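Open the model in your viewer and keep the selection panel at hand.

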Amino acid sequence: MNKNSSNIMALTPNTSNKRETVCIFGTGDFGRALGHKMIQCGYPVVYGSRSTHISNLIPKDAEVLSHAEAAQKAAIIIIAIQRQHYNFLTPLAEILHGKVLVDISNNLKLNQYPESNAEYLAQLLPGSRVVKAFNTVSAWALQSGTLDASRQVFVCGDDVEAKQMVMNIVRALGLTPLDKGSLLAAQEIENYPLQLFPMWKFPIFLSLGLTAFFFFYCLALDVIYTYIYEKNNFSFFIAITIPNRVCPVMALILLALVYLPGIFAAIIQLYRGTKYRRFPDWLDKWMLCRKQLGLIALAFASLHVVFSLVTPMRAFASWRTSKGIISQALNNKTEPLNNTNAWISDCYLALGILGFFLFVLLGITSLPSVSNNVNWREFRFVQSKLGYLALIFCTAHTLVYGGKWFLSPSAYKWYLPNIYMLSLVIPCAVLVVKFVLIFPCVDKPLTQIRQGWERNPKHSE
Ligand code: NAP
């Protein structure tokens, strides 16, 4: 089911051949690109410019007039001019009265002005009907026709009819209008193109920090320690061995961090006895970037798979194998197959394969094209139930591999635990608390709270 279906208008272009003239103020990059696209789609375009000289950059079939003359020719005027020049519009207030003014401007910084550019324009020209649109589409994309980046055009405005007229144009250009409501939404729409992966910042910084920590941890224990105490130069571990230790550890920890905020939220709700109080900001933010954390975890898991697959090709691996064979030959003794070890290694691999399969499934269902086609319950089933199953498989995969080190004193180089032990702390804690939370005596009150029941109603806000 499409969750945005109520907002996103159909992509069917207006089939009517007769289009109304559109006026564009400003013959700069954006004005020209938009005018070009409009002419292609059958709109007569007239430019309002400070200079009526027609340069060869202006689309061929467009007229260029003074602002006042051009405005009189159209009911819709697109203001393709930077906000700081809007003052020149004030003397045109009478001509622009009742006209639909489309503000397409962006700023250089987030929240650069106290009010949005569109609201500012509406204050300057109170008799005009201001609509915000097109600011998230780039001139380059319009001109080159490469609209793969985003076909969505956010539209907002206080005048419903004016907004509808603009949305018709958006649709006619083969784009998808997304009604964001009144002009109050303009600030948010203006901030949108200035944001750089807003939901990815925390997951990326966290992943970089943890990766660096685990990398140097392994470097110290596997390369430096071995060099100092065993006189072995294993510096080449930096290329594959250490990354192949860090990647699974990161994948497991990040996957656990996807589920940890849900655990905190449940504990907070149980403690407060109500769901009607806001979570702390840090928890809200953490919950909002769970998808990104999960996708980064999937990337680490995929790298771990690739690193593991190339292991038999490594010189170190063939040296170790031949060393074992030569030592058996020299001692004239064939080591029998250790059945326990064979079981452990097969279980370890099987758990890893199952965990990775579920991991990929989680990644696929988080794609908007897939998540839009499943209902909320199905989405929750995959992300929550199968997600926990993936966490169980991946934790078990690590436990089977690294469990033997827990009791071995040789694993504690410089009294530090092995990286696999560290990686198990958060996932095991998440799984244990989750296990407690699904006990009926805990789950029942939690479900009631989530359905709106309050232990002490006076606490609700
Ligand atoms: P631009 O190339 O600098 O063009 C701006 C145009 O504004 C000029 O060509 C000029 O047109 C007019 N102008 C300049 N100073 C003026 C003044 N003092 N008084 C009246 N008109 C003046 O800028 P642009 O890239 O086209 O951007 C225009 C607007 O579109 C900006 O608000 C920008 O944020 C927004 N936008 C741009 C893009 C993009 O990809 N470029 C994407 C989304 C939104 P005349 O010489 O014809 O008068």
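A nonpolar core here is a set of buried Ala, Val, Leu, Ile, Met, Phe, Trp, Tyr and Cys residues joined through side-chain atoms within 4.5 Å. Buried means under 20% relative accessible area, exposed over 50%, partly exposed in between (1.4 Å probe, protein chains only). This is a predicted model: local features need pLDDT of at least 70, side-chain atom pairs count only at pLDDT 80 or more, and totals for chains, interfaces and linings use all residues. Residues are numbered from 1 along each chain as its sequence is written, and side-chain values use heavy atoms, with hydrogens and water left out.

Select L254, L255, Y259, F359, L391 and V430. Of the 58 residues in the largest nonpolar core, these touch the most other members. Helix α9 gives the largest share of this core, 19 residues. Helices are DSSP runs (H or I, at least four residues), numbered from the N terminus.

Stay on L254. Its contacts (heavy atoms within 4.5 Å) include L206, L293 and F300.

Next, the rings. Rings of Phe, Tyr and Trp (its six-membered ring) pair if their centres lie within 6.5 Å; planes under 30 degrees apart count as stacked, over 60 as edge-to-face and the rest as tilted. The structure holds 23 such aromatic pairs. Select F215 and F216: centres 5.6 Å apart, planes at 90°, so edge-to-face. F216 is exposed, at 53%.

Now pick Y259 and Y388. Their centres lie 4.6 Å apart with planes at 45°, so this pair is tilted. Y259 sits in helix α9 and Y388 in helix α15, 129 residues apart.

Methods:
Helix = DSSP H or I, 4+ residues; strand = E, 2+ residues; numbered from the N terminus. Lists of a residue's contacts leave out its neighbours within four places in sequence.
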